[in-house]
Amino acid sequence: MKYILVTGGVISGIGKGIIASSIGTILKSCGLRVTAIKIDPYINIDAGTFSPYEHGEVFVLNDGGEVDLDLGNYERFLDINLYKDNNITTGKIYQHVINKERHGDYLGKTVQVVPHITDAVQEWVMNQAKVPVDDDRKEPQICVIEASIQPLRHAYTFLLPSLFKCVREKLFKKYSSLLYILPLTDSSFLFQLGGTIGDIEGMPFVEAFRQFQFKAKRENFCNIHVSLVPQPNATGEQKTKPTQNSVRALRGLGLSPDLIVCRSAKPIEMAVKEKISMFCHVEPEQVIFIHDVSSTYRVPILLEEQGITKYFKQRLNLPIDDQPSDLLMKWKKMADRYERLLKVCSIALVGKYTKLSDCYASVFKALEHSALAINHKLDLMYIDSTELERSTEVENSVKYHQAWHKLCKAE
C-alpha cells in the first residue's frame, strides 16, 4: 500500500481537496486502484449536525454517513464509493479510544494522546485504506489522505518586555486560574495558557503521521504540502515568504514535504519557483504551481504537465508509464470543451443557505455536468427563499421584487 498525505499551509480553504482529488485521478488514469481519506480535526463525531455555513454542504454517502463535502469531490473525480469511516474526525478517534478504555482493552494503563490516540489514528488509516471502493471489489493500491491541519510555528510564544505588562494585566484579570507566566531572562518571558499551544486539536494527527512515515517506510509514503503564494496589489510581486514559513513549521513538527504545490491567482514565474526550491530544500521539479483556472477539471492537467506522474513513479516505485493514459486524454478534452462553451443555461436555485455556494456543492456539480452534456455553460442563480415571501414585500419591497425578477429570468 502506498500512502500520499496532503497537508495545507498559510490559510485554510486553499484547495487541498481538489489537489488530492486531482492526484487520485491521475494515478487512477495510470491503471492504479485509488482510495481517499479525509481527516478533520474538529471534535464533532461527523458533519451531520453542522450548519452548511460552517464547512459547506453535508455530503451523504451510500452507507448513510454524513461527511465533509470533500468526500463528494473524491467520489466525483475518482468514480468510487466511499464509506463514513473514510472521514476521520477528532471526535471519532477519541470516542473509539475511550470506548476501548471503558471495555478494559488497555489493561489499566494510563491512556494518553501519545501513544494511544496517535496509534488509533494510524490503525484507522491502515485499516480503512484496505477497504475496496471500486466496483471490482479489489483492495486499493494507493491511499490519498487529506489532512485539514495547519502546522503551528512554535509551541510557546515569547513577548518583548514592552508588551508583557499590558498582556499580563489583561490575562490575569480574565484567566488568573489558567495562566502561568514564567520569567526566562531579563529580556523575554514565556506564557502558557492552560497547557495548550494555540490550535492544538490537529497536533495529534501531525504526530501520528510523523510516526507513520517510518512505519510505512519511505518508499511507501509521500507528503505533499499545499501552500499559498500571494501577490499584493500594491507591489504586484509574488511573495514566497509565507510558503517558506509554512514548510519550516511543518519540518519543525517532523514532516518534510516531498512536493510543494503552490496556489496563486496568476501563473507563477520561474524565478519564484527557483527561490522556493532553494529556501524549502527541495528540487525545482518538486515545486508545482496551480494558478486559478476557470474549471477544476483543468487541475489534473496542470499537475500532469508539470511531471507529477514521473515523480510518483520514481518516488514510490509505481508500475506505471510516463505517458498520459487515454483516460487522462479524455479528461483533457472535457476540460478544453468546458472552456470553449458559448451557450449559457440559466437556472435558479431557491434555498435557505444561499450566501455560500459550497452549501449546495453537489447540486451545483450535478447541474454543471448536465449542462456540459448538452454543450452549455451553467449560470446558477442563488435565491434566498425568504426573499420570495409576502412578509419580505412588506419589510423590503426592493429585495422582494429583485428576487422574483431573478427567478423569472431563469430558463
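Side chains of opposite charge can pair when their charged atoms come close. Before you click further, note that this is a predicted model, where local features need pLDDT of at least 70, side-chain atom pairs count only at pLDDT 80 or more, and totals for chains, interfaces and linings use all residues. Residues are numbered from 1 along each chain as its sequence is written, and side-chain values use heavy atoms, with hydrogens and water left out.

**Stop one: Lys38 and Glu146.** Select these two and you'll see a salt bridge at 4.0 Å, N to O. The pair ties together distant parts of the chain, with glutamate 146 in strand 6 (142-147) and lysine 38 in strand 2 (34-40), 108 residues apart. Strands here are DSSP runs of E with at least two residues, helices are runs of H or I with at least four, and both are numbered from the N terminus. Glutamate 146 and lysine 38 are both buried, where buried means under 20% relative accessible area, exposed over 50%, and partly exposed in between (1.4 Å probe, protein chains only).

**Stop two: Arg263 and Asp292.** Their side chains meet in a salt bridge, 3.0 Å from N to O. Arginine 263 is in strand 11 (259-264), while aspartate 292 lies in the loop between strand 12 (287-291) and helix 10 (299-305), 29 residues apart. Buried or partly exposed, which is aspartate 292? Aspartate 292 counts as partly exposed because its relative accessibility is 42%, whereas arginine 263 is buried at 18%.

**Stop three: Arg298 and Glu339.** Here the closest N and O atoms of the salt bridge are 3.1 Å apart. Glutamate 339 belongs to helix 12 (326-339), and arginine 298 is in the loop between strand 12 and helix 10, 41 residues apart. Arginine 298 is buried, with a relative accessible area of 11%; glutamate 339 is partly exposed at 35%.

**Last stop: a nonpolar patch.** Select Tyr94, Ile98, Val113 and Val114, which form a nonpolar patch on the surface with about 310 Å² of accessible area together. Helix 4 (90-102) and helix 5 (113-129) each supply at least two of its residues. Click isoleucine 98 in helix 4: it is partly exposed, at 48% relative accessible area. Patch members have over 30% relative accessible area and no salt bridge; like charges are joined within 9 Å, nonpolar side chains (Val, Leu, Ile, Met, Phe, Trp, Tyr) within 5 Å. Accessible areas come from the Shrake-Rupley method with a 1.4 Å probe, and for residues, only the protein chains shown count as cover.
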